[in-house]
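Subject: Structure for your attention

Dear colleague,

Please find the structure below, handed over for your study.

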Amino acid sequence: MSSTPNKKEVMEISVRKIMDSNFTTCYLWETIADAAQKLINDRTSCAIVVDEENTYHGILTAVDLLKTHDEKRRVEQVMQTIPPISEDDNFQDVHMDDSDVFAVVNRRNIVLGAISLKSVFPQLADLMPSQ
């Protein structure tokens, strides 16, 4: 007999429950130097890129900054355009292998939070199928 849970036994966990509402943001028009300073100050390796209305545009990582040698370039020139996930999604449907961090948005594409390995780890017990 298999111990693999069937579809009904897998607990549905809302993205909203796992998302971290404390995250770093930077604006499209900020310079790389300004964005790097935000990451340093917040002791984080990534930021959600937004506009003045908090609409999602992409992700900026420390690796993106390390690849850029011109500190005057703007964030929008080096950010990654990783599709966001909806606050209404089920976490089991999120493909974490696509990125280390995702923006969580509402139906209007306004950023509400972020999901990363850091935000998933405290929920690990709930994510694992019961035996």
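The side chains of Glu-76 and Arg-74 meet in a salt bridge, with 2.6 Å from N to O. Glu-76 is partly exposed at 36% relative accessible area, and Arg-74 is likewise partly exposed, at 37%. Please keep in mind that this is a predicted model.

The count of salt bridges comes to 5. Another of them joins Arg-16 to Glu-87, whose closest N and O atoms are 3.3 Å apart. This pair links distant parts of the chain: Arg-16 belongs to helix H1, while Glu-87 sits in the loop between strand S4 (85–86) and S5, 71 residues apart. Arg-16 is partly exposed, with a relative accessibility of 41%. Glu-87 has a relative accessible area of 17%, and because buried means under 20%, this residue counts as buried. Both residues take part in a network of salt bridges that also includes Asp-88 and Arg-107. Finally, Glu-30 forms a salt bridge with Lys-38, at 3.2 Å between the closest N and O atoms. Here Glu-30 is buried at 12% relative accessibility, whereas Lys-38 is partly exposed at 25%.

The strands come next. S2 (residues 46–50) and S3 (56–61) run antiparallel and are joined by 5 bridges. Within this pairing, Cys-46 has Thr-61 of S3 as its bridge partner. The two strands form a hairpin with 5 residues between them, in which Asn-54 takes a positive phi near 65°. S3 is mostly covered, as 5 of its 6 residues are buried.

Strands S5 (residues 101–105) and S6 also pair in the antiparallel sense, over 5 bridges. Val-101 has Ser-116 in S6 as its bridge partner. This hairpin has 5 residues between its strands, and Asn-109 in the turn shows a positive phi of about 70°. In S6 (residues 111–116), 5 of the 6 residues are buried, so this strand is largely enclosed by the rest of the structure.

What does helix H2 (residues 32–42) bury? Ile-32, Ala-35 and Leu-39 are buried there. Seen down the axis of H2, the buried residues fall within an arc of 65°, so they line one face of the helix. They pack against strand S1 (25–27), S2, S3 and helix H3 (62–67). The face turned away from this buried side carries the exposed residues Ile-40 and Asn-41. Just after H2, Arg-43 takes a positive phi of about 50°.

In soluble globular proteins, nonpolar side chains tend to be buried together. In this model, the largest nonpolar core has 20 residues, and those with the most contacts inside it include Ile-48, Tyr-56 and Val-111. Helix H1 (15–18), S2, S3, S5 and S6 each supply at least two residues of this core. S5 gives the most, with 5 residues. Apart from this core lies another, of 12 residues, among them Cys-26, Ala-35, Leu-39 and Val-49.

Leaving aside neighbours within four places in sequence, Tyr-56 is in contact with residues including Ile-48, Ile-82, Ala-103 and Val-111. Ala-47, in strand S2, is buried at 3% relative accessible area. Not counting residues up to four places away in sequence, Ala-47 touches Thr-24, Thr-25, Cys-26, Leu-39, Gly-58, Ile-59 and Leu-60.

With kind regards

Methods: Residues numbered from 1 in each chain as written. Predicted model: local features only at pLDDT ≥ 70, side-chain atom pairs only at ≥ 80, totals over all residues. Heavy atoms only, no water. Helix = DSSP H or I, 4+ residues; strand = E, 2+ residues; numbered from the N terminus. Buried < 20%, exposed > 50% of the residue type's maximum accessible area, 1.4 Å probe, protein only. Contact = heavy atoms within 4.5 Å. Pairing = 2+ DSSP bridges. Core = buried A, V, L, I, M, F, W, Y, C linked by side-chain atoms within 4.5 Å. Arc of directions from axis to C-beta. Salt bridge = Lys/Arg side-chain N within 4 Å of Asp/Glu carboxyl O.
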